[in-house]
Amino acid sequence: MASTKWLRIFLSTGLLLFFGHHAISQSFLNNALLFSRTKAAGSARIQALGGAQTAIGGDYSSALSNPAGLGMFNRSEVTLSLANTSYSSDVSYLGTKSGDSFSKFNVPGLSLVLHYPNAGKESGFLGGSFAVSLTRINDINQEYSYRGSNSESSIIDYFIEDANFRAPDDPDELLVGGREFYSLTALAYNNYLLDPIEDGGDFYYGSVLNKDPDFPDEIRTVNQQETIQRKGAQYQWSIAYGANFSDKFFAGATLGITTLRYKLTQSYEESDFDFSSDPSYDPVASFRMNESLDIQGTGANFTLGLIYRPVDFLQIGASFVTPTFYQITDNYDASMESDWNDEEDAFERFDQPLLSEYNFTTPLRFNVGATFLSKYGFITADAELVNYSKAKYKSDIPDISYNVDNADIKSTFGSVVNYRVGAEFRYNIYRVRAGYNLMADPYLNKQGVDRKIQSLSGGVGVRLKKFYTDLAVISSKTEGRRTPYTASDLPVPLALQKFKNTNIVLTVGVTF
């Protein structure tokens with residue numbers, strides 16, 4: 001049984017890497033950024049401050065960001081955070097605009113912090129705090145759709161080009177059981193959307209939906225639409241300790257255990273083909289393809305942190321987060337169906353999902369920050385350095401290489417500095433907070449799209465002797481682009497995206 005499993009993994013991974021279709025072949029590149037670009041996370045207090053937390057202590061979020069901050073606790077506590085996130089998207093495709101929105105409830109964090117003072121000491125080692133926390137470090141939920149009328153290209157053009165690359169001499173390779181079956185191009189062939197044409201013993205491919213070469217000025221128009229849904233999140237269990245030395249110097253370390261759950265489903269459809277040379281020609285009402293990618297993974301990292309208080313009104317902090325080393329399993333499945341006007345409808349799908357197992361390493365992170373304190377509150381700021389080109393895939397299976405994907409990562413992404421700033425005003429038991437967060441665009445080629453993520457945040461809190469509660473509202477926005485396919489010498493169909501998220505977080509804590 002074990003040998004059969006490894007054979008299936010080997011074959012499936014090889015097929016995805018070397019014979020994957022255009023959309024999924026990009027997923028290794030896209031996911032490298034998606035799983036590495038984790039957001040500033042933590043309690044409602046920290047999120048209201050724009051995520052700035054490198055030089056702040058006394059919050060369970062320190063276990064994730066800078067464990068030195070745990071050394072500033074002077075009592076134990078237990079906390080729970082609850083959140084509701086609203087998502088909205090606006091997409092423009094071929095002059096047509098579309099919008100979607102939805103919301104989800106989640107649990108972004110919980111923690112237990114146990115404080116152990118070094119009783120009787122007034123200098124030197126004054127004790128520290130041990131913490132176990134669970135934090136939602138990346139929200140990767142997203143839904144959007146777009147549609148438009150295209151008179152310049154069709155995904156049929158991509159299928160024809162890809163079929164001529166995959167099986168130029170033997171169309172049987174695209175049939176069930178053939179070497180090239182596990183691709184959308186093969187599904188299109190089995191839906192009769194592609195036709196093998198023999199010419200002097202050689203084959204090439206055409207389609208009843210292709211433009212007629214006898215009419216070079218013909219205009220073919222087709223309606224296109226796609227719906228994409230992403231579900232999932234990354235969480236981290238942080239096991240951390242922070243120590244206090246003379247209320248001046250604080251040091252800590254964290255062992256992080258991460259989990260990754262992600263499911264991508266996308267459905268693409270073309271319909272209403274119209275040919276200017278023969279408006280009555282209408283062989284296919286529509287065809288649609290459905291894909292799903294299910295990813296699960298676990299990983300580990302290590303964090304070291306320091307905070308120094310040279311004077312009572314200033315704290316300086318720094319933390320170093322090692323790469324997170326993930327072991328990932330993914331399953332990819334696809335199907336296609338076509339509605340023929342004068343023939344029987346067709347349907348084909350993979351006979352089994354394609355299983356892949358591999359390792360993924362995120363980039364390391366380095367954070368520095370400073371906090372200016374007064375009796376009325378504080379102002380704090382962070383800078384985070386991340387080089388996304390250092391993300392890397394690796395396989396434990398002999399002869400499976402991710403060199404091409406890793407080269408794509410290096411040529412696509414670069415290093416960035418992310419900035420976070422926040423302020424808290426204190427009056428008696430009340431707290432008022434505001435913050436700003438900028439995650440810079442990591443793409444080397446901007447392609448006319450600004451993929452930076454900007455967030456504005458605010459919140460309030462109440463501190464009692466044995467209980468506290470904080471509320472935060474975070475509004476984020478970013479841009480993106482989606483190309484459903486490409487074909488040589490044809491204009492690239494481009495969907496321009498704008499995304500907005502509003503996250504409401506409530507944290508309650510009990511001290512003891």
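Of the protein's 512 residues, 52% count as buried. The model is predicted.

Colleague: What is the protein built from, and what box do its C-alpha atoms fill?

Modeller: There are 8 helices and 21 strands. Along the principal axes, the C-alpha atoms fill a box of roughly 95 × 50 × 35 Å.

Colleague: How many aromatic pairs are there?

Modeller: A search of the whole structure finds 24.

Colleague: Why is the pair of Tyr144 and Phe499 called edge-to-face?

Modeller: Two values decide it. The ring centres are 5.7 Å apart, and the cut-off for a pair is 6.5 Å. The planes stand at 65°, and over 60 degrees counts as edge-to-face. So the pair is edge-to-face.

Colleague: What makes this pair a tie between parts apart in sequence?

Modeller: Tyr144 lies in strand S4 (residues 142–150), and Phe499 lies in strand S21 (residues 495–511). The two are 355 residues apart in sequence, so the pair ties those parts together.

Colleague: Are Tyr144 and Phe499 buried or exposed?

Modeller: Both Tyr144 and Phe499 are buried. That word needs under 20% relative accessible area.

Colleague: How do you know that Phe413 and Tyr443 form an edge-to-face pair?

Modeller: The same test applies. Their centres are 5.1 Å apart, within the 6.5 Å limit.

Colleague: Where do Phe413 and Tyr443 lie?

Modeller: Phe413 is in the loop between helix H8 (403–412) and strand S17 (415–427). Tyr443 is in the loop between strand S18 (430–439) and strand S19 (453–463). The pair therefore ties together parts that are 30 residues apart in sequence. Phe413 and Tyr443 are both buried.

Colleague: Which residue lies over the face of Tyr443?

Modeller: Arg451 does, at 3.8 Å from the ring centre. The distance limit is 6 Å. Arg463 lies over the face of Tyr468, at 4.1 Å from the ring centre.

Colleague: Which residues do ring pairs link into a cluster?

Modeller: Phe28, Tyr358, Phe360, Tyr393 and Tyr402.

Colleague: What does Leu438 touch, leaving out residues up to four places away in sequence?

Modeller: Leu438 is in strand S18. It touches Asn418, Tyr419, Lys452, Ile453 and Gln454. Gln454 is 16 residues from Leu438 along the chain, yet their C-alpha atoms are separated by 4.8 Å.

Colleague: Among contacts between residues at least 6 apart in sequence, how many join residues at least 24 apart?

Modeller: In the protein, 72% of those contacts do.

Colleague: What makes a space a cavity and not a pocket?

Modeller: In a cavity, the probe fits but cannot get out, whereas a pocket is open. There are 2 cavities of 30 Å³ or more. Of its 30 lining residues, Thr38, Lys39, Leu64, Arg365 and Glu384 are the closest to its centre.

Colleague: How do the lining residues of the largest cavity divide by class?

Modeller: They divide into 9 nonpolar, 17 polar and 4 charged.

Colleague: What is the volume of the second largest pocket, and what lines it?

Modeller: About 820 Å³ of space lies there. It has 33 lining residues, and closest to the centre are Gly57, Gly58, Met72, Asn74 and Arg426. Strand S3 (125–139), S14, S17 and S18 each supply at least two residues of this lining. By class, the lining has 10 nonpolar, 12 polar and 11 charged residues.

Key: Residues are numbered from 1 along each chain as its sequence is written. This is a predicted model: local features need pLDDT of at least 70, side-chain atom pairs count only at pLDDT 80 or more; totals for chains, interfaces and linings use all residues. Side-chain values use heavy atoms; hydrogens and water are left out. Rings of Phe, Tyr and Trp (its six-membered ring) pair if their centres lie within 6.5 Å; planes under 30 degrees apart count as stacked, over 60 as edge-to-face and the rest as tilted. Helices (H or I, at least four residues) and strands (E, at least two) are DSSP runs, numbered from the N terminus. Buried means under 20% relative accessible area, exposed over 50%, partly exposed in between (1.4 Å probe, protein chains only). A charge sits over a ring if NZ of Lys or CZ of Arg is within 6 Å of the ring centre and within 35 degrees of the ring normal. Contact means heavy atoms within 4.5 Å. On a 1 Å grid over the protein atoms alone, a cavity is a set of points where a 1.4 Å probe fits but cannot get out, and a pocket is an open set with protein on both sides within 12 Å along at least five of seven lines; lining residues have an atom within 4 Å of a point. Grid points are joined across faces, edges and corners, and a volume is the space filled by probe spheres set on the points. Ala, Val, Leu, Ile, Met, Phe, Trp, Tyr, Cys and Pro count as nonpolar, Asp, Glu, Lys and Arg as charged, and the others, Gly among them, as polar.
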